[in-house]
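Dear colleague,

Below is the structure I promised to pass on to you, and after it come my notes on what turned up. Please read the notes with the model open beside them.

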Amino acid sequence: MASELLLSLRLGALLAEPVPREVVDALLSVQVSEGVGQPGGFRLSFGTGRRSTLFRELLPLGALDPPARVQVVVTIRGRSTVLMDGVVTRHEVVPSAEPGQARLTLTGEDVSRMMDVVDLTGVPYVGLPPEARVALICAKYPMYGLVPQVVPSVFLDTPNPLESTPAHQGTDLAYVKALAAQAGYQFYIEPGPVPGVNLAYWGPLVKAGAPQPTLWANADTVTNVETLTFTFDGFSATRLVALVQEPNTKFPIPIPIPDVTPVNPPMGARGPLPLKVSVVRGLAKLSPVQAAGIALARAADSFEVISGRGTLDVLRYGQPLRARRPVTVRGASLGYDGAYFVKSVTHDIKRGAYTQQFTLTRNAFLPSP
């Protein structure tokens, strides 16, 4: 690895420990992915021989069998970032007669995968609001360092225990995500801030906040973006409306749904013209408050007409670019400069190089004044 980049790899059953130096030296590449609407994933590729620690000890003893725990930490210029805390879901071996040319690949997901293994349908939650149920479920996984970050929802009602008792449906992960969908929320696991700790976030997808360091394109010596492409899809801007019934006549009344909220602010000076109008369906059986929460969440994505894709040199950038956070772009021309939301990133680490592929989204043109 480059002198300013330090990679730390940890393996274990429940508590991951630093691996022997021989295992680190055998590591050929690391790929970690994170993004909106998807679990974090990783892929570790090793090049080694039959007499190595990997093949002589770790594999025969089952130390790498699912769900072995894997932690990947990178340190750049003295600043450490936990890229992944997950579990192995499978491993692949490619033998070779050439010394040191055998290949071992570990593939896995973040620790939310362990919330999706037992069906607990029918477990009652007497008088507990949704956010309390989520916190209670996350508290069952201290061995994976889950720290609940739960945002109470104004869109979900606390059931009256004299009228009904909500019950668990499916696995813990499926139920928590179902509760999130009912509130127009997201549920995901974010590793860190230190190895062994994982933040379990249940709340709105927040696109506001302090931006990450600027992505520079076509800026001579400060350029840190290797490639960058933007796309404007004009017909993707959709004005969403909800239909409500007038109590006396039962006549349907369309109610426009705002696409801008405190957690989803305009990211530029000029918003796109909506060329389509769509009715939000599937809300008839929900309470008005629940319907509003889901509709607002869908509307937040209906104006993301500008998207960007690019490749980043992380060592020049100074730190990993993280998903689900805003970032500022400069040098892409006046119309496309400004604030963006990082929708997904893929980390690619090889000996001497650290790059990222990323996708950005935005709901407006021009930088904000």
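The side chains of Arg21 and Asp25 are joined in a salt bridge with an N to O distance of 3.2 Å, a salt bridge being a side-chain nitrogen of Lys or Arg within 4 Å of a carboxyl oxygen of Asp or Glu. Both residues belong to helix H1 (residues 21–26), where they are 4 residues apart, about one turn of the helix; helices (H or I, at least four residues) and strands (E, at least two) are DSSP runs, numbered from the N terminus. Arg21 counts as exposed at 60% relative accessibility, whereas Asp25, at 41%, counts as partly exposed. In these terms, buried means under 20% relative accessible area, exposed over 50%, and partly exposed in between, with a 1.4 Å probe and protein chains only.

Please bear in mind that this is a predicted model, in which local features need pLDDT of at least 70 and side-chain atom pairs count only at pLDDT 80 or more, while totals for chains, interfaces and linings use all residues. Residues are numbered from 1 along each chain as its sequence is written, and side-chain values use heavy atoms, with hydrogens and water left out.

A search of the whole structure finds 9 salt bridges. One of them joins Glu34 and Arg322 at 3.0 Å, N to O, and this pair links distant parts of the chain, with Glu34 in strand E3 (residues 27–35) and Arg322 in the loop between helix H6 (314–317) and strand E17 (326–330), 288 residues apart. Glu34 is buried, at a relative accessible area of 7%, and Arg322 is buried as well, at 10%. Arg77 forms a salt bridge with Glu4, their closest N and O atoms being 3.4 Å apart. Since Arg77 lies in the loop between strand E5 (69–76) and strand E6 (79–94), and Glu4 in the segment before E1, the pair ties together parts that are 73 residues apart in sequence. Of these two, Arg77 counts as exposed at 55% relative accessibility, and Glu4 as partly exposed at 33%.

Turning to the strands, there is an open sheet of 3 strands in the order E8-E10-E9, with mixed pairing, where two strands pair if DSSP finds at least two bridges between them. Strand E8 (146–150) and strand E9 (186–191) stand at the edges with a single partner strand each, so one side of each is left without a neighbour in the sheet. E8 pairs with strand E10 (residues 198–203) in the parallel sense over 5 bridges, and Val150 stands opposite Trp202 in E10. E9 and E10, by contrast, run antiparallel and are joined by 6 bridges, with Gly203 in E10 as the bridge partner of Gln186. E9 and E10 also form a hairpin with 6 residues between them, and Gly192 in the turn has a positive phi of about 100°. As for cover, 5 of the 6 residues of E9 are buried.

Finally, a nonpolar patch on the surface is formed by Leu14, Leu15 and Met143, with about 290 Å² of accessible area together. Patches are made of residues with over 30% relative accessible area and no salt bridge, like charges being joined within 9 Å and nonpolar side chains (Val, Leu, Ile, Met, Phe, Trp, Tyr) within 5 Å; accessible areas come from the Shrake-Rupley method with a 1.4 Å probe, and for residues only the protein chains shown count as cover. Leu14 sits in the loop between strand E1 (5–12) and strand E2 (17–18), and is partly exposed, with a relative accessible area of 40%.

With best regards
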